[in-house]
Amino acid sequence: MPFRTRTAVSGAILATAAVLLCPAVAVARSAAAPAPPGWSAAPAPGDGAEPRAQDRPYFYLAGAPGTVMNDRLSLSNPTGRAVTVRLRSSLPGSWLTLASTEVKVPPRTRASVPFTVTVPRGAAPGDHSGALIATGGGKGGGAGGRDAVPVHLRVTGPTLSALTVEDVSVSGRGGSAVIRYTLVNRGNTVLAPRLAVRANGLFGPVLRRAARTLPVGLRPGQGIELTEKWPDPPDLDRVDVRLTVTAGGGAHGTATATYTAAPWGAVAGTALLLAVGAGGLAVVRRRRRAQAVSGVPGADTARTAADEARPCEGGRPDAADQLASTGSGARS
């Protein structure tokens, strides 16, 4: 193996780069990196051998949190002039430590630069990617140029894939609308999310988009705001929009939002009808209230007739009283 695992960083690993005087040969280089003028960078093969085209095109290191791993970068200079190469890493934080950040490589020489990768004890299991970037040239530094060697690091341990979709909203009217949402990686692995969109109105489905992979990669704990164009939303409807997001490892999340569409003409017409109806109802109520106050016609006449029909006190005696009076007179 081209690297070995240990638990502490030795002083020898952090020493200056060893320069090996030997003929330079062609080396493998990342296809994505531009070819530097004359010199090159590549992972060093094991046992101090010379780099060859079939050797590693990138670094791959794997270890649990707290592990320290060692490897070497090979710089080859087949030209007739010395070249000074500056080195740096794009891995997060201080995970990678180079024995030297600037190396002068003599003509027709290969230099081997050790480095150490220390996985933090609190690092979440998952994949991490970066590169060792070599830049040549400068004042008195010989040929310029730039080369990059990819570094892939896997932190071993239990993995968790979790994903949520949040803050869903729909805006826009007329010919187009925009669906806005946020994706958050709640797990400890890098995720490539897939999105499906569904929307149902009062009269049935109005939008169906099958799941597709989004052009983003979510790191653990990362959140990203995204948008989805909706070119032909309904003009008059109440729509429930549902977003479903999935990713490898069983990650799954859903969220919904409500979108109400109504043309301005319909809204204005409805408001006018409501206003007219409210005015008419007010007039009817006022008329009824006025009639209740003034009384119903004919009520006074009916009340007078009833009073006249009622007997008065001290009036004419009835027939029984008259008969009693007649009887008393006969006895006398």
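Two strands are taken to pair if DSSP finds at least two bridges between them. In this predicted model, strand β14 (residues 194-201) and strand β17 (residues 237-247) meet that condition, pairing in the antiparallel sense over seven bridges, and within this pairing Ala 196 stands opposite Thr 244 in β17.

**The four-stranded sheet**

- Strands β14 and β17 belong to an open sheet of four strands, whose order is β15-β14-β17-β18 and whose pairing is antiparallel.
- The edges of this sheet are formed by β15 (204-213) and β18 (251-261), each of which pairs on one side only.
- On average, and with direction ignored, neighbouring strands of the sheet are turned by 10° against each other.

**The surroundings of Ser 161**

- Ser 161 is found in the loop that runs between β11 (145-155) and β12 (163-171).
- The side chain of Ser 161 is joined to the side chain of Thr 189 by a polar contact of 3.4 Å, and the side chain of Ser 161 also reaches the backbone oxygen of Gly 248 at 3.2 Å.
- If residues up to four places away in sequence are not counted, Ser 161 touches Thr 189, Leu 191, Gly 248, Gly 249 and Ala 251.

**The aromatic pairs**

- The structure holds two aromatic pairs, and such a pair of rings is described by the distance of the centres and the angle of the planes.
- In the pair of Phe 59 and Phe 115, the ring centres are 5.0 Å apart and the planes stand at 85°, so the pair is classed as edge-to-face, given that planes over 60 degrees apart count as such.
- Because Phe 59 lies in strand β4 (residues 59-63) and Phe 115 in strand β9 (residues 109-118), this pair ties together parts that are 56 residues apart in sequence.
- Phe 59 and Phe 115 are both buried.
- Trp 230 and Tyr 259 form an aromatic pair that is tilted, with 5.6 Å from centre to centre and 50° between the planes.
- This pair links distant parts of the chain, with Trp 230 in strand β16 (residues 223-230) and Tyr 259 in strand β18, 29 residues apart.
- Trp 230 counts as buried because its relative accessibility is 0%, and Tyr 259, with a relative accessible area of 2%, is buried as well, the cut-off for buried being under 20%.

Methods. Residues are numbered from 1 along each chain as its sequence is written. This is a predicted model: local features need pLDDT of at least 70, side-chain atom pairs count only at pLDDT 80 or more; totals for chains, interfaces and linings use all residues. Side-chain values use heavy atoms; hydrogens and water are left out. Helices (H or I, at least four residues) and strands (E, at least two) are DSSP runs, numbered from the N terminus. Axes are lines fitted to C-alpha atoms, for helices over the stretch in contact, and angles run from 0 to 180 degrees between N-to-C directions. A polar contact is a pair of N or O atoms within 3.5 Å; within protein, one must be able to donate a hydrogen and the other to accept it, and residues adjacent in sequence count only if both atoms are side-chain atoms. Contact means heavy atoms within 4.5 Å. Rings of Phe, Tyr and Trp (its six-membered ring) pair if their centres lie within 6.5 Å; planes under 30 degrees apart count as stacked, over 60 as edge-to-face and the rest as tilted. Buried means under 20% relative accessible area, exposed over 50%, partly exposed in between (1.4 Å probe, protein chains only).
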